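Thanks, everyone. I have one model to walk through this morning. Please put the structure up.

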Amino acid sequence: MSKAAYEKPTIIKIESSMSKGGVPKLQQKIRMHIDGIKITDLTKEYGSPLFVFSETTMRRQYQKAYKAFSSRYPNVQFGWSYKTNYLKAICAVFHDEGSIAEVVSEFEYEKARANGIEGKDIIYNGPYKPYDSLLIAAREGAKIHIDTFDEIHDLERVAQELDMIIPVAIRMNMDTGIYPQWSRFGFNIESGQALDAVRRIEVGGKLKLTGLHSHIGTFMLDANAYKMQTTKMIQMMKEIEKTTDFIIEYLDIGGGFASQSALKGVYQPPEVIVPSIDDYAEAITSALYENLEPGNYPKLYLETGRHLIDEAGYLISTVVANKSLPDGRRSYIVDAGVNLLYTAFWYNFKIESVQEHKGLMEPAIINGPLCMNIDVIDESIMLPRLDRYDNLVISPVGAYSVTQWMQFIRYRPQVVMIGLEGEVDLIREGEDLSDVERREVMPERLER
Ligand SMILES: *Cc1c(COP(=O)(O)O)cnc(C)c1O
C-alpha cells in the first residue's frame, strides 16, 4: 500500500462570503447519472473530459418553446441558430423538430446546406456576408437579412448579375431599455437610419423588402424588452407599408432568451430571475395583438439558440491533481478548462460531484489543465475533500461551448449524445495530432 503524501496542515477560517450568493451551501451536490446513464460508465467508454448531450432535454425544450408561441400566435417558425451549436447531430434534432436554419457566415451557410437544408429554409444573418456567398444565397432563395448599406450595394450587384429581383429583409436595432444597447448590428430605428435603408432599397429598384429582423442581445433577463422590440418593429412595418409598395410578410424577433445559467455578477439564482418561455412568448405575442390590424398577421420567426440547448449539455471532467494554495484554499486541477469552456468568463456553472464524500466542506477553486493563470472554472466553491480521479459534472454547457472551444494546448475531447431510449452515440470524435496538423505545410528546406 502506498502512503499518502504528507502535507503541512493549515488552519482556515471559513467565511460565508467565500461562497457564491453569500450563504455557503454545505451540502455536496451529487449527480451520478445523466438521463439514466451512469456517468462513470460514460467516462470508462469515452474518456474524460467528455461532452454529453441529452436528446430528451433538447426535444423537451424545443417542444415547450414552440408550444408557448404556436398556442398564442397562428403563424410561427423557429430557425435553429447554428453558431450556438452546429454539431451535425444537434442540428439534425432541431431540424427534425421542424426548425429551419439560421446562419451568420458563409461557413455556417455551407454547413446548413450540407445538412440537407434547402436555401429557402436558411436565414442568412451577420455583419459580413462575402459577395460570392450572397450570390449563392440569392440564387438558392435564402432569407437574406441585410446588415449595412454596403450590403445593399452588394446585393444590388448580385441582382444585376442574376437578373432578378431579390427578396430581402433588413436587420434593425433599437432602444428596448436594455443597456448597453446592441447598436452595431443592422440599422437603427430611432435615428431614422432604418427608414433610410428602406428608402435606399426602394430607390435602387433591384431588391424587394419582405421582412424585418432584429436580435436585441443574448441572455436577456427582461421579457419586457421583447415587447418593446416587437412594438417598434410593427411601427416600422406600418410606416413602410404606408409609404412604400413593400409588403412585410414576416417579422423575425431573433433569439436571446436566457437559459438556466448564472451570469457572473448576478447574485440571484437562475430559478428566480430567468423568465419562463411563456413570459417571453406572452411579451412578444401580446405586442403583436396590441399593434397589428386584426387579420393581418405576418409570419413570426424566432432564432432561439441558447434557451433550447444550454441545459441539454454537460461537461464531465476528472480531478487530475490537487494542492493547497497559500491563502488556504484548495485548488483542484481538472482536465477541462477554458479551452473547452470559453463561456466560463461570463457564467458561473453548476458543478456537481459524481463521487460522494462525507468530510467537512472547505473553500476550493477549480482550475483547468492549461498552463495559464486565467484557466479557472470556479473561483469559489465549497467542496468536501475530493480524491484524485473523482469526476465533476459541469453544466449547463450546451450553448456556445462546442462552437467557441479552442484547440489550445490540449486536444478537443469526444462528444456523445444520449438518445430518447438511452442509447449513447458518439457525435464527435476526440481529436489527435493529425487533426491539428492537417492544414500545416512544412517548407522542404526545414524538413529534417
Ligand atoms: C446568436 C444569434 C442568435 C441566437 O442567440 P441566442 O442568445 O443563442 O438565443 C439568433 N439570431 C442572431 C442574429 C444571432 O446572432
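A polar side-chain atom of Thr 218 lies 2.5 Å from an oxygen atom of the ligand. That is a polar contact: a pair of N or O atoms within 3.5 Å, where pairs within protein need one atom able to donate a hydrogen and the other able to accept it, and residues adjacent in sequence count only if both atoms are side-chain atoms. Glu 303 has a side-chain N or O atom 2.6 Å from a nitrogen atom of the ligand. At Arg 306 the backbone takes part: one of its polar atoms is 2.8 Å from a ligand oxygen. In total, 16 residues surround the ligand, and the closest are Lys 83, Thr 218, Gly 256, Glu 303 and Tyr 400.

A word on the source. This is a predicted model, where local features need pLDDT of at least 70 and side-chain atom pairs count only at pLDDT 80 or more, while totals for chains, interfaces and linings use all residues. Residues are numbered from 1 along each chain as its sequence is written, and side-chain values use heavy atoms, with hydrogens and water left out.

Now helix H8. Helices (H or I, at least four residues) and strands (E, at least two) are DSSP runs, numbered from the N terminus. H8 covers residues 223-243, which is 21 residues. From first C-alpha to last, H8 reaches 31 Å, close to the 30 Å expected at 1.5 Å a residue. The expected span is 1.5 Å times one less than the number of residues. At the start of H8, Asp 222 places a side-chain oxygen within 3.0 Å of the backbone nitrogen of Asn 224.

What do the buried residues of H8 pack against? Strands E8 (166-173), E10 (207-213) and E11 (250-252), plus helices H7 (193-204) and H10 (277-291). Contact means heavy atoms within 4.5 Å. Buried means under 20% relative accessible area, exposed over 50%, and partly exposed in between, with a 1.4 Å probe and protein chains only. Among the buried residues of H8 are Tyr 226, Met 233 and Ile 240.

Tyr 226 also belongs to an aromatic cluster, with Tyr 62, Tyr 66, Phe 69, Phe 78, Trp 80, Phe 94, Phe 257 and Tyr 280. Phe 94 is one of the buried residues of helix H3 (residues 88-97). Just after H3, Gly 98 takes a positive phi of about 120°.

On to ring pairs. Rings of Phe, Tyr and Trp (its six-membered ring) pair if their centres lie within 6.5 Å; planes under 30 degrees apart are stacked, over 60 edge-to-face, and the rest tilted. That rule gives 23 aromatic pairs. One is Phe 149 with Phe 187, edge-to-face, at 5.0 Å centre to centre and 70° between the planes. This pair links distant parts of the chain: Phe 149 is in helix H6 (residues 149-162), Phe 187 in strand E9 (residues 187-188), 38 residues apart. Phe 149 counts as partly exposed because its relative accessibility is 36%. Phe 187 has 1%, so Phe 187 counts as buried.

Charges over rings, briefly. The charged end of Arg 157 sits over the ring of Tyr 131, 4.2 Å from its centre. Lys 129 lies over the face of Tyr 124, at 5.8 Å from the ring centre. The rule: NZ of Lys or CZ of Arg within 6 Å of the ring centre and within 35 degrees of the ring normal.

That's my last slide.

Terms used:
A residue is near a molecule or strand if one of its heavy atoms lies within 4 Å of it.
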